[in-house]
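Welcome! Here is a short tour for anyone meeting this structure for the first time. Please keep the model open beside the text as you read.

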Amino acid sequence: MRQPHLSRRAVLAGGAMVALAGCSADVPPSPPRDSPEQAFARALIAEKAKTVALYDTLIAKGGARLVPFRDRHQAHLAELRRRFPQVTGPTGSPTAATTPTTSAKVTTARLRSLERKSAALRPSQLAGISPSLAQLVASIGACEAVHALAPVKAPGPARGGTRPGDVDKLRKALAAEHAAVFAYGLLGARTAGSMRVRITRAYDAHRDRRDELRGLITALGGKPAEPAPSYALPSVPSSATAAARLAAHVESGIVAAYLELVAATAAELRTYAALVMQEAATRSYSFRPAITTAFPGMPAPAPPKQTTPTPGG
């Protein structure tokens, strides 16, 4: 039987198809694309890995008190990776993001700012993701918000030493805390409901700060100031509104007292005082949401002098 004749063009086309088939067999299949939720998880995992690395940097420099904060971020990271194992494999760049990629100096203030920004971002990330993931992200945001507002810790021994004037400034700050404890004790007895809960929290915060300052002054060789039997208050509140106004007034006094401590010789005391000022100013705003000055704690500027025109002038 006569074999069919193949033209030269057919032979070349057939060879090309065989070659293409051989080449395509060597090309690995493209990895599946991330779903929108997986893409979000990948970005969040990368963010958390970077945050953990930033904390590690400060912890390695002696910031042992930051370990619990770092560990909570590691818990966030572990849960995200447990839920999304497919985005943490060899192609998942977040697993490699274990060192800070920025050259900016890592400081506690920078970490606090990062926590604050992350917490503020979480509510806007909840649309379009599953309810369970939305709950996880909201919970992470709540943790970050608490990190950003975590109480300011008393400084350790000053590296450059302290001067007698520094201890005097600490005693004045302690006197202000004594007055605050007295005021909030009175407010607690005259409020109820949610306002009383807020007053009690502030009372506890100032009582803890008072005890902290006592220990710090003693450690520096000073004698802590004792509380007065009573303190004069600008008013005795008879309503929740009046109680909030008095609480804001108390916090403004705390800001002014710690402003003086900012002038201490020891850098650690300056940092401590500045952070307490921010804490008190924020609490004042929570009781009375009005910003009355651009310079909390600073004396009000003197009014401009009136010039009297001279005769014939």
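## The overall picture

The protein has nine helices and zero strands, where helices (H or I, at least four residues) and strands (E, at least two) are DSSP runs, numbered from the N terminus. Read from the N terminus on, its elements follow the order α-α-α-α-α-α-α-α-α.

This is a predicted model, in which local features need pLDDT of at least 70 and side-chain atom pairs count only at pLDDT 80 or more, while totals for chains, interfaces and linings use all residues. Residues are numbered from 1 along each chain as its sequence is written, and side-chain values use heavy atoms, with hydrogens and water left out.

Of the 313 residues in the protein, 33% are buried; buried means under 20% relative accessible area, exposed over 50%, and partly exposed in between (1.4 Å probe, protein chains only). The accessible surface comes to about 19300 Å², and carbon and sulfur atoms hold 60% of it. Such areas come from the Shrake-Rupley method with a 1.4 Å probe, and for residues only the protein chains shown count as cover. A contact means heavy atoms within 4.5 Å. Among contacts between residues at least 6 apart in sequence, 76% join residues at least 24 apart.

## How confident is the model?

The predictor's confidence in each residue is called pLDDT and runs from 0 to 100. Its mean over the protein is 83, and 79% of the residues reach 70 or more.

Where pLDDT is low, the predicted coordinates should not be read in detail.

## Helix H7 and histidine 206

Helix H7 (residues 193-219) has 27 residues and reaches 39 Å from its first C-alpha to its last, close to the 39 Å expected. Buried in H7 are Met195, Ile199, Ala202, His206, Arg209, Arg210, Leu213, Leu216 and Ile217. An α-helix has 3.6 residues a turn, so residues three or four places apart point the same way. The cover over the buried residues of H7 includes H6, H8 and H9. Glycine 221 follows H7, and its phi is positive, near 85 degrees.

Is histidine 206 buried or exposed? At 3% relative accessibility, histidine 206 counts as buried. Leaving aside residues up to four places away in sequence, histidine 206 touches Glu177, Ala180, Val181, Tyr184, Glu251, Ile254 and Arg283. The C-alpha atoms of histidine 206 and glutamate 251 are separated by 10.0 Å, although the two residues are 45 residues apart along the chain.

## Aromatic rings

Rings of Phe, Tyr and Trp (its six-membered ring) pair if their centres lie within 6.5 Å; planes under 30 degrees apart count as stacked, over 60 as edge-to-face and the rest as tilted. By this rule there are three aromatic pairs. In one of them, tyrosine 184 and phenylalanine 287 have ring centres 6.4 Å apart and planes at 40 degrees, so the pair is tilted. Tyrosine 184 in helix H6 and phenylalanine 287 in helix H9 (residues 267-287) are 103 residues apart, and the pair links distant parts of the chain. Tyrosine 184 is buried at 1% relative accessible area, and phenylalanine 287 is buried at 8%.

Tyrosine 258 and tyrosine 272 form an edge-to-face pair, with 6.4 Å centre to centre and 75 degrees between the planes. Tyrosine 258 lies in helix H8 (residues 240-261) and tyrosine 272 in helix H9, so this pair ties together parts that are 14 residues apart in sequence. Both tyrosine 258 and tyrosine 272 are buried.

Technical notes. Expected span 1.5 Å × (residues − 1).
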